[in-house]
Amino acid sequence: MSTIAAFYGGKSILITGATGFLGKVLMEKLFRTSPDLKVIYILVRPKAGQTLQQRVFQILDSKGWVDNINGPNGIIIATGKGFLRAIKATPMAVADVIPVDTVVNLMLAVGWYTAVHRPKSTLVYHITSGNMNPCNWHKMGVQVLATFEKIPFERPFRRPNANFTSNSFTSQYWNAVSHRAPAIIYDCYLRLTGRKPRMTKLMNRLLRTVSMLEYFINRSWEWSTYNTEMLMSELSPEDQRVFNFDVRQLNWLEYIENYVLGVKKYLLKEDMAGIPKAKQRLKRLRNIHYLFNTALFLIAWRLLIARSQMARNVWFFIVSFCYKFLSYFRASSTLKV
Ligand SMILES: NC(=O)c1ccc[n+]([C@@H]2O[C@H](COP(=O)([O-])OP(=O)(O)OC[C@H]3O[C@@H](n4cnc5c(N)ncnc54)[C@H](OP(=O)(O)O)[C@@H]3O)[C@@H](O)[C@H]2O)c1
């Protein structure tokens with residue numbers, strides 16, 4: 001039996017912020033691991049037209065923990081749906097992301113340790129991944145894209161992409177070309193088909209939200225995890241299993257896949273049976289993307305050739321080189337026969 005789970009048995013616990021992201025996960029973990037808890041008191045206020053009773057029932061009814069589009073959830077949706085394709089972030093900076101379950105496990109372990117061992121000073125426990133199991137933004141982006149190939153969201157606006165740059169000029173270029181221009185084009189289409197334009201407004205709001213993260217995602221942060229590691233060593237093997245907060249065991253790809261699955265199932269309420277169709281749509285979007293880029297390149301090149309002798313010379317050199325190469329290849333294969 002877990003010592004920590006047993007410690008919470010028979011206790012009365014007050015949780016503030018129980019309607020929030022962390023509070024709900026904390027409550028769920030307590031219910032699951034310490035079923036003989038005496039009582040949980042929660043601090044709740046009426047909000048957004050809901051009475052506090054309605055809010056409490058809503059928490060108790062919610063099946064999954066992914067139930068809002070704040071923070072990383074919103075970014076995952078915006079990326080998977082192809083709205084957000086580039087972010088101003090230093091690619092090699094550490095993405096100090098931490099799973100909520102890990103945070104909650106540490107909180108419960110700290111509660112137990114503080115009550116039982118009564119440390120003389122106030123200990124601060126940092127739970128971060130950066131110094132134990134670092135993953136930078138570039139690697140995170142690659143893994144998120146690989147996951148969207150496997151588990152795509154339905155009806156994406158564009159093909160998902162995840163570019164990171166710390167260069168302001170490149171970032172502004174991407175914002176103009178990859179975000180604002182497609183939004184304006186889509187709004188024109190909505191207007192022409194008699195519908196209300198909405199994409200530009202949505203895009204501006206999304207870019208404003210992402211820009212608030214810039215200070216943090218363009219730097220790497222160092223945190224001392226000394227107390228957290230000390231606490232880990234105090235836990236029995238069973239507690240280390242049930243209240244695991246050892247981020248070294250975290251497999252980022254597996255974590256990202258589970259995260260995307262959770263968002264797809266609990267937040268977007270998409271059916272898993274629709275994955276093959278979503279994959280086909282992604283393929284179509286990829287072909288459209290290549291076709292569009294090729295057409296754009298040919299138009300730009302044609303314009304350049306019309307104006308510059310140098311471009312014409314380069315073009316004729318490339319064409320004659322390809323022709324010679326193909327003739328040589330054809331001649332050598334004829335000889336072999
Ligand atoms: N999530 C993260 O990634 C993260 C990371 C680092 C630190 N933290 C910290 O962890 C804490 C919880 O985070 P969270 O993500 O769970 O936040 P959250 O989802 O926004 O939840 C906040 C909770 O606090 C309650 N609350 C806020 N103001 C209140 C007030 N004036 N009176 C009573 N209750 C109030 C909210 O109640 P209502 O629902 O009624 O508004 C809600 O239950 C915060 O201090 C946050 O800064 C979170």
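## Overall contacts and shape

Of the contacts in the chain with a separation of 6 or more, 82% join residues 24 or more positions apart; two residues are in contact if their C-beta atoms, placed from the backbone, lie within 7 Å. This is a predicted model, in which local features need pLDDT of at least 70 and side-chain atom pairs count only at pLDDT 80 or more, while totals for chains, interfaces and linings use all residues. Residues are numbered from 1 along each chain as its sequence is written.

The chain has 14 helices and four strands. Helices (H or I, at least four residues) and strands (E, at least two) are DSSP runs, numbered from the N terminus. The radius of gyration of the chain is 27 Å, well over the 20 Å that the globule rule gives for 337 residues, so the chain is more spread out than a compact globule. The radius of gyration is taken over C-alpha atoms, and the globule rule is 2.2 Å times the number of residues to the power 0.38. Along the principal axes, the C-alpha atoms fill a box of roughly 85 × 55 × 45 Å.

Of the 337 residues in the chain, 19% are buried. A residue is buried if 20 or more other C-beta atoms lie within 10 Å of its own, exposed if 12 or fewer, and partly exposed in between, with C-beta atoms placed from the backbone.

## Helices α2 and α5

Helix α2 covers residues 21-33 and helix α5 covers residues 100-117; their axes come within 9 Å and cross at roughly 65 degrees. Axes are lines fitted to C-alpha atoms, for helices over the stretch in contact, and angles run from 0 to 180 degrees between N-to-C directions. The crossing of α2 and α5 is right-handed. A crossing is left-handed if the near helix is turned anticlockwise from the far one by less than a right angle, and right-handed if clockwise.

On the α2 side, the contact is made by Phe21, Leu22, Val25, Leu26 and Lys29. On the α5 side, Val100, Asp101, Val103, Val104, Met107 and Leu108 take part. By class, the residues of this contact are nine nonpolar, no polar and two charged. Ala, Val, Leu, Ile, Met, Phe, Trp, Tyr, Cys and Pro count as nonpolar, Asp, Glu, Lys and Arg as charged, and the others, Gly among them, as polar. An α-helix has 3.6 residues a turn, so residues three or four places apart point the same way.

## Around the ligand

The ligand is surrounded by Gly17, Ala18, Thr19, Gly20, Phe21, Leu22, Gly23, Arg45, Lys47 and Gly71. A residue is near a molecule if its C-beta atom, placed from the backbone, lies within 6 Å of it. Helix α2 gives the most to this shell, with three residues. The shell has three nonpolar, five polar and two charged residues.

## Helix α4

Helix α4 (residues 71-80) has Ile76, Ala78, Thr79 and Gly80 buried. Among the elements that cover these buried residues are α6 (137-150), α8 (199-211) and α12 (252-267). Just after α4, Gly82 has a positive phi of about 80 degrees.

Most residues other than glycine have a negative phi, and most peptide bonds are trans. Ala48 has a positive phi near 45 degrees. Ala48 sits in the loop between β2 (39-42) and α3 (52-61), and counts as exposed because there are 5 C-beta neighbours inside 10 Å.

Arg155 also has a positive phi, near 45 degrees. The loop between α6 and β4 (163-165) holds Arg155, which counts as exposed because there are 12 C-beta neighbours inside 10 Å.

Ile184 belongs to helix α7 (residues 168-192). Ile184 is partly exposed, because 14 other C-beta atoms lie within 10 Å. The C-alpha atoms of Ile184 and Lys24 are separated by 39 Å, and the two residues are 160 residues apart along the chain. Ile185 is in helix α7 too, and is exposed because 12 other C-beta atoms lie within 10 Å. From Ile185 to Met132, 53 residues apart along the chain, the C-alpha separation is 45 Å.

Ile288 is in helix α13 (residues 275-307). With 12 other C-beta atoms within 10 Å, Ile288 is exposed. Ile288 and Arg158 are 130 residues apart in sequence, and their C-alpha atoms are 9.8 Å apart in space.
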